[in-house]
Amino acid sequence: MDNEVDVFYQELPKVELHAHLNGSVSSQTIEKLISRKPHLNIEHGMTAIGKGQRRTLDECFQVFKVIHQLVDTEEDILMVAIDVIKEFAADGVKYLELRSTPREEKTTGLTKRSYIETVIKAIQQCRSEGVDIDVRFLVAIDRRNGPEVAMETVKLAEEFMLSSDGLVLGLDLSGDPTVGHGRDLLPALQRAKNCGLKLSLHLSEVPSQLEESELLLNLPPDRIGHGTFLHPEVGGSQSVVDKVVENKIPLELCLTSNVKGQTVPCYSKHHFKYWYQMGHPSVICTDDKGVFSTDLSQEYQLAASTFGLSREDVWKISQQAIDCIFAPDNVKQQLKQKWIDLQPQVFK
Ligand SMILES: CNc1ncnc2c1ncn2[C@@H]1O[C@H](COP(=O)(O)O)[C@@H](O)[C@H]1O
Ligand SMILES: [Zn+2]
């Protein structure tokens, strides 16, 4: 971890809605993976970006390739998912929507179906051990893989949505934003929406995506990842902002990820300020806590110190995130009660 985090932020009950499984692998788990696969000659420094370090977004995507080499069996996925879930729980996260791209690995017999099944198994195992966190799963589409794979992923997600007892709730669109165009993925995303999968789309993570965002906002998505370049001040447009506001589409905002990935020049210029000041639903998230050496408490603390938020403001942000989850209303009600129960302890 990069910084010392005040106990208030750790004890604050939190909702995490934007976490990529393989980007969330901690250094402890990476150690275990490296010792399972010494022949790969992967060193620790290749899988995380430390304090004060920055990488281009392109270099970040190279890091995921290294991690994918380390995580290529059902056994690896099970361990990684269980570790990640327990780490979020230890950081005070009470509700987590984990997202991951199902991968097939011919050499190890891993299939996209067994990939999803294994993540579900990890969630169930944590639940049976009594880990204090409600975890759901969003199946991810890597935009690099094109429309056919996207459609295949939607069909799989649809199947699991119906058979996983509410654990699979939706779909994520992610991957290198400079590759491919959302227009080609529209039929798959439209199908997902029609069958009841919730949609969280990475939109305008880089400046060149305005036209794509305009198009995909017509779906409309249920949440937006990043949305760094949506507003006019950074080359977006007012009509795009209006669409987001009219449809009340929550934004998942990841400060460290954007600064370390160099799409935002510094913390004080993060678009959290723009959307939060407007009173638009803005959820603080980690994106890739392993790769960016952070955790959700630290992200809350960073937002507070950068934008001068009081503890009451911070409490409100974490509480209002409950309204943005993809799980049904009864789950929202349970979480709201949990927040009420925990409040005296956090503000003691
Ligand atoms: C930094 N900003 C980002 N922008 C876009 N996509 C990202 C991302 N961070 C992570 N991913 C997506 O998540 C995958 C890793 O987790 P999973 O193998 O799916 O669990 C990456 O390969 C990429 O597709
Ligand atoms: Zn992301």
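## Helix H4

Let's start with H4, which covers residues 74–90: its 17 residues reach 24 Å from the first C-alpha to the last, close to the 24 Å expected at 1.5 Å a residue. Keep in mind that this is a predicted model.

Quite a few H4 side chains sit on the inside. Asp76, Ile77, Val80, Ala81, Asp83, Val84, Ile85 and Phe88 are buried. In an α-helix, residues three or four places apart point the same way, because there are 3.6 residues a turn. Just past the end of H4, Gly92 adopts a positive phi of about 90°.

## Around ligand 1

Ligand 1 is surrounded by 18 residues, and Leu21, Asn22, Ser100, Thr101 and Ser174 are the closest. Helix H3 (57–70) and S3 are the elements that give two or more residues to this shell.

## H6 against H7

Now for a helix pair: H6 (residues 146–163) and H7 (residues 186–194) have axes that come within 8 Å and cross at roughly 10°. That angle is under 35 degrees, so H6 and H7 count as roughly parallel to each other.

On the H6 side, the contact is made by Pro147, Ala150, Met151, Val154 and Ala157, while H7 brings Pro187, Ala188, Arg191 and Ala192. Eight of the residues in this contact are nonpolar, one is charged and none is polar.

Note on methods:
Residues numbered from 1 in each chain as written. Chains lettered and ligands numbered in written order. Predicted model: local features only at pLDDT ≥ 70, side-chain atom pairs only at ≥ 80, totals over all residues. Helix = DSSP H or I, 4+ residues; strand = E, 2+ residues; numbered from the N terminus. Expected span 1.5 Å × (residues − 1). Buried ≥ 20, exposed ≤ 12 C-beta atoms within 10 Å, placed from the backbone. Near = placed C-beta within 6 Å. Axes fitted to C-alpha atoms, helices over the stretch in contact; angles between N-to-C directions. Parallel < 35°, antiparallel > 145°, perpendicular 65-115°, else oblique. Contact = placed C-beta atoms within 7 Å. Nonpolar A, V, L, I, M, F, W, Y, C, P; charged D, E, K, R; others polar.
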